[in-house]
Amino acid sequence: PDEFVPMLEENGRIFELDRYIWHSTAAIVRDLRDKYAFDMPVSVNVSRLDMFVPNIKDVFISILDEFDLTTKDIVLEITESAYTDSDQAVISVARELHSDDPGFRLEMDDFGAGYSTLGILSQLPIDAFKLDMDLVHNYFGYEKGEGMIQLIIGIAKNMDVSVTAEGVE
């Protein structure tokens with residue numbers, strides 16, 4: 001992904017791949033529900049460029065409708081770096097996606113990778129932080145690093161959002 005995602009972003013084809021993945025994920029969620037009567041929300045990545053697709057919420061809603069799913073079934077992961085490019089535009093789209101009628105659950109992916117500002121965090125309609133894998137691996141086990149992780153967890157608690165650490169397995 002580190003090689004082909006930037007290429008697809010550069011040539012404008014990332015939305016096609018993302019839409020295919022979202023559609024395939026919805027089909028799998030529907031299949032699991034039908035076969036096993038099992039509900040489990042699944043997170044899908046949303047490229048920073050996807051945030052500029054007109055009516056992106058309608059794209060997600062049409063996929064959910066096709067598979068008779070709800071916004072509780074698919075969680076949208078927006079990478080932390082997406083908020084640094086045209087942050088007000090992305091925040092506006094995030095608010096629309098998160099708003100009721102229906103509202104999607106939003107996770108900030110790769111949190112702690114070095115892009116966030118407290119000013120942006122205070123404006124975001126997010127439900128969870130997913131700590132960047134490198135942050136967890138590089139800082140855990142060091143006093144100052146663990147203090148940094150505790151600080152992030154404290155911010156999350158203050159914002160009433162959950163925290164997931166990537167790569168702890």
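F38 counts as partly exposed because its relative accessibility is 45% (buried means under 20% relative accessible area, exposed over 50%, partly exposed in between, with a 1.4 Å probe and protein chains only). The model is predicted, so that local features need pLDDT of at least 70 and side-chain atom pairs count only at pLDDT 80 or more, whereas totals for chains, interfaces and linings use all residues. Residues are numbered from 1 along each chain as its sequence is written, and side-chain values use heavy atoms, with hydrogens and water left out.

F38 lies in the loop between α2 (14–36) and β1 (42–46); helices (H or I, at least four residues) and strands (E, at least two) are DSSP runs, numbered from the N terminus. Together with Y36 and M40, F38 forms a nonpolar surface patch of about 350 Å² accessible area. Areas come from the Shrake-Rupley method with a 1.4 Å probe, and for residues only the protein chains shown count as cover.

L97, in helix α4 (residues 87–98), is classed as buried because its relative accessibility is 0%. Contacts of L97 (heavy atoms within 4.5 Å), not counting residues up to four places away in sequence, are M51, I56, K57, F60, L76, P102, G103, F104 and L106. I56 is 41 residues from L97 along the chain, with a C-alpha separation of 8.2 Å.

T71 is located in the loop between α3 (56–66) and β2 (74–79) and is buried, because its relative accessibility is 12%. Beyond four places in sequence, T71 contacts I61, L64, P102, G103, F104 and R105. A polar atom of the T71 side chain lies 2.9 Å from the backbone oxygen of G103. The C-alpha atoms of T71 and I61 are 8.1 Å apart, at a sequence separation of 10 residues.

Strand β4 (residues 128–131) runs parallel to β3 (residues 106–111), to which three bridges join it, and parallel to β5 (residues 162–165), through four bridges. Two strands pair if DSSP finds at least two bridges between them. E107 stands opposite A128 of β4, while L131 has A165 of β5 as its bridge partner. A128 and K130 point one way from β4, F129 and L131 the other, and all are buried. In a regular strand the side chains alternate between the two faces of the sheet.

Methods
Patches are made of residues with over 30% relative accessible area and no salt bridge: like charges are joined within 9 Å, nonpolar side chains (Val, Leu, Ile, Met, Phe, Trp, Tyr) within 5 Å. A salt bridge is a side-chain nitrogen of Lys or Arg within 4 Å of a carboxyl oxygen of Asp or Glu. A polar contact is a pair of N or O atoms within 3.5 Å; within protein, one must be able to donate a hydrogen and the other to accept it, and residues adjacent in sequence count only if both atoms are side-chain atoms.
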